[in-house]
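Reader: Please take me through the labels used for this model. I want the criterion behind each one.

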Amino acid sequence: MKASTQAKLWYAQRISAMLLALCVLVHLVTILYAMRGGLSAAEILARTRGNFSFAIFYFVFVLSVVVHAPIGLARIAEEWMQWRGRSLHIALLLVTLLLTVLGLRAVWGVYVG
Amino acid sequence: MVGLSLMRPLKVKIWRGGQQGAFVAYEVPRLASQSVLDVVTYVQRSLDPSLSYRFSCRVGMCGSCAMSVNGVARWTCRTHVAKVTDEARDDVLELAPLSNLPIIKDLTTDMSEFFDKWAKAKGQFTGTLTRDDEFSNVKPDSPERKKVDAAIECIGCGVCYASCDTVSWRPDYLGPAALNRAWSLVNDVRDAAQNDRLKSVAGDSGCHACHTHTTCSERCPKGIEPTAGISGLKRLAARAAIRGELD
Ligand code: SF4
Ligand code: SF4
Ligand code: FES
């Protein structure tokens with residue numbers, strides 16, 4: 001892969017890592033808050049459905065996972081499994097698609113139903 | 001008591017052979033303030049003249065005496081035996097050639113690739129002035145010169161390179177020493193090949209492969225922090241890539 005592409009990927013991973021740090025924190029605090037309040041699944045869904053800022057937040061969360069995870073997996077594959085090149089890129093593309101579909105489906109689920 | 005305990009010989013194990021080989025045990029008389037290099041020299045001069053190892057200055061300047069000492073890469077001329085073994089516990093001193101480099105014989109490794117990577121990282125200075133020009137003035141307290149100062153004292157010992165896991169995982173990785181050299185030139189305001197250099201050090205066999213786990217900085221006997229320089233290179237290279245200057 002070209003050096004300039006690598007450099008851009010590194011940048012993308014750095015930015016997505018910053019976003020993830022923030023998102024994971026907010027996500028965990030929300031879970032703890034909801035659980036302590038003893039909310040049931042139905043009550044939680046009642047709050048999330050139609051809540052636009054909630055949907056935007058999780059959309060950004062999913063997006064940063066989609067950017068961050070495949071770049072990290074590529075590193076692990078290259079360094080620990082000596083797996084490089086085209087086949088790796090195709091596999092990672094599939095992972096990216098899978099993460100996108102599953103992630104957005106989940107956001108859709110709690111936002112729309 | 002001190003005199004007596006000094007009499008207890010030091011148990012040493014030294015790697016003998018090439019890539020295939022084995023540790024051979026020796027016993028060496030202990031001396032006060034004995035360096036690890038003193039121990040190797042004793043073995044070669046008094047026990048087995050066929051032992052191969054490298055050294056030159058014996059005062060921490062040439063960088064040729066680095067070895068793996070009880071599993072940790074160190075400059076042996078300036079490492080006291082007492083620092084790495086406990087006499088009371090009768091610790092064994094285990095000496096092996098540096099990791100991440102092909103073994104030639106015993107304690108000597110083939111450093112060609114290590115230095116070839118300096119060249120690949122564009123570790124050469126590219127000037128623009130001729131002998132007829134005035135000297136360039138670089139202020140000692142300018143931010144660039146201070147960054148160069150922090151990186152310039154490298155003696156090329158290979159301790160950082162042998163300690164870097166990323167080099168083991170990814171043999172084409174340029175490694176901390178070559179990238180540290182590139183960083184000292186990136187901050188040299190007289191150098192005229194900056195974009196070429198960034199191109200050579202960017203990417204997955206260059207600075208972007210570094211995991212920032214700082215083993216190199218912890219082990220460098222000269223107190224250099226290659227990790228810091230590599231982070232600087234990552235930032236500069238990413239910026240240049242986004243501006244399209246790396247294509
Ligand atoms: S910080 Fe980078 S160069 Fe230093 S040991 Fe770790 S991976 Fe290697
Ligand atoms: S950076 Fe330090 S450890 Fe690495 S080669 Fe230079 S002096 Fe040796
Ligand atoms: S012999 Fe020169 S640095 Fe050790």
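**Labels and their cut-offs**

Author: Ligand 2 is surrounded by B:Cys154, B:Ile155, B:Gly156, B:Cys157, B:Gly158, B:Val159, B:Cys160, B:Ala177, B:Cys220, B:Pro221 and B:Lys222. A residue counts as near if one of its heavy atoms lies within 4 Å. The model is predicted: local features need pLDDT of at least 70, side-chain atom pairs 80 or more, while totals for chains, interfaces and linings use all residues. Residues are numbered from 1 along each chain, chains are lettered from A and ligands numbered from 1 as written, and side-chain values use heavy atoms, without hydrogens and water.

Reader: How do the residues of the shell around ligand 2 divide?

Author: Eight are nonpolar, two polar and one charged. Cys and Pro count as nonpolar, Lys as charged and Gly as polar.

Reader: Why is the pair A:Tyr58 and A:Phe61 called stacked?

Author: Rings pair if their centres lie within 6.5 Å; planes under 30 degrees apart count as stacked, over 60 as edge-to-face and the rest as tilted. Here the values are 5.9 Å and 20 degrees, hence stacked.

Reader: What makes the pair B:Phe115 and B:Trp118 tilted?

Author: The centres are 5.8 Å apart and the planes at 50 degrees, so the pair is tilted.

Reader: Is B:Trp118 buried or exposed? And B:Phe115?

Author: Buried means under 20% relative accessible area, exposed over 50%, partly exposed in between (1.4 Å probe, protein chains only). B:Trp118 has 17%, so B:Trp118 is buried. B:Phe115 has 39%, so B:Phe115 is partly exposed.

Notes
Phe/Tyr/Trp six-rings, centres within 6.5 Å; stacked < 30°, edge-to-face > 60°.
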